[in-house]
Amino acid sequence: MGVRKEEQRKWQAMAPQTRHRFIETKEGATVYDAKGNDITDKVEVLPTYQNTPERVRALQGIDELSTHQSDNGGFVFAFFKEARTIVERFPTLTQADTARLLFIGTFVAWATGRLQYDNGRPISRKQLQELSGMSRPRFSEFYKRLEGEGILSEDAATKDVYMNPTVIYRGEMKQVSKDVADLEYTRVFRSTVRRLYEEFDGKQLKQLGLIYSVLPFISAQTNIVVTNPEEKDSERLQPMNVRTLAMILEYSDPQKLKTALNAVKIDGNPVFLFADDPYNRREKRIVVNPRVVFKGNNEALKAISVLFN
């Protein structure tokens, strides 16, 4: 058994109450591993291990991924059908709707799916309208679309609002694994999406919705938009050019799509980076900033992050 797998096996063997101890701490203080399990308590188990150089390097690798997740506010899982557009799954939603949906999804409570503030107070339907920054009539229409698609539901007694866990979920994957067996997922980072939402409004929200639109086409190993995201061998991935992506997303003008992608930035850095394709100099690869969405491991994170530094 490899060093990393051995460390993960020991962490997964911990009592649930130990792993979950920091779940409700101040936002950003909780650290999760690649499977969404709480590992902020790992310092308590370090003394039980023999700290060989190999183990130290393995733990440092896990720490880098954990630090990335913590620096970006923790994450929620966003589910989708691989290589199929969001519109196919939710035909009544607009691209701006999907931007709002991602934003709302960052307020999902651990395991329960209830929408709540970071201090644990539930978010009512009215408060959700205020949080989203929409007028009452527009929000009412938007909310009806989410209800109609089975994305949000409201408890008749408490008026608490809940997110469908097969759309966006925060918690241990094993709790929903049966319900999402036919879906793929990625991590969406909470504070990054919230900051982006604050910066985009009106017509710009459509640009932000591009993040959700490309999720089904992102390679987990590389964060590159590809035509065959199900491929596990990175050498066999087929990067998708902007013309193909424009056709899939129903943009009549590929240049307008490229302009929209270039406009989405976080702290002055691109969310969508156009990088040279070493196998075809006439084409560009579309790489998604891992500060926004990322599913891969530590090695992949280090390779991708270099492009955005």
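**Figure 1. Residue types in the lining of the second largest pocket.** In this predicted model, the lining of the second largest pocket is made up of 10 nonpolar, 2 polar and 3 charged residues. The space in this pocket comes to about 380 Å³. Among its 15 lining residues, those closest to the pocket centre are Thr-222, Ile-224, Ser-234, Tyr-279 and Arg-285.

**Figure 2. Elements that line the second largest pocket.** Two or more lining residues come from each of the strands β8 (272-276) and β9 (284-288) and from helix α13 (298-308). Helix α13 supplies the largest share of the lining, with 3 residues.

**Figure 3. The largest nonpolar core.** In soluble globular proteins, nonpolar side chains tend to be buried together. The largest nonpolar core of this chain has 62 residues. Within this core, Met-163 and Phe-272 touch the most other members. The element that gives the most to the core is helix α5 (residues 95-105), which contributes 6 residues. Another core lies apart from the largest one and has 21 residues, including Met-173, Val-180, Ile-224 and Leu-237.

**Figure 4. Thr-106 in a loop.** Thr-106 is found in the loop that runs between helix α5 and helix α6 (125-132). Is Thr-106 buried or exposed? Thr-106 counts as buried because its relative accessible area is 0%, and the cut-off for buried is under 20%. Not counting residues up to four places away in sequence, Thr-106 touches Val-76, Arg-190, Val-193 and Arg-194.

**Figure 5. The chain as a whole, for orientation.** The secondary structure comes to 13 helices and 10 strands. The chain has 309 residues, and 51% of them count as buried. The accessible surface of the chain is about 15,100 Å², and carbon and sulfur atoms account for 49% of this area. Of the contacts between residues at least 6 apart in sequence, 64% join residues at least 24 apart.

Note on methods:
Residues numbered from 1 in each chain as written. Predicted model: local features only at pLDDT ≥ 70, side-chain atom pairs only at ≥ 80, totals over all residues. Heavy atoms only, no water. Helix = DSSP H or I, 4+ residues; strand = E, 2+ residues; numbered from the N terminus. Buried < 20%, exposed > 50% of the residue type's maximum accessible area, 1.4 Å probe, protein only. Contact = heavy atoms within 4.5 Å. Areas by Shrake-Rupley, 256 points an atom, 1.4 Å probe, with all protein chains shown as cover. 1 Å grid on protein atoms, 1.4 Å probe; cavity = no way out; pocket = protein on both sides within 12 Å on 5 of 7 lines; lining within 4 Å. Points joined across faces, edges and corners; volume = space filled by probe spheres on them. Nonpolar A, V, L, I, M, F, W, Y, C, P; charged D, E, K, R; others polar. Core = buried A, V, L, I, M, F, W, Y, C linked by side-chain atoms within 4.5 Å.
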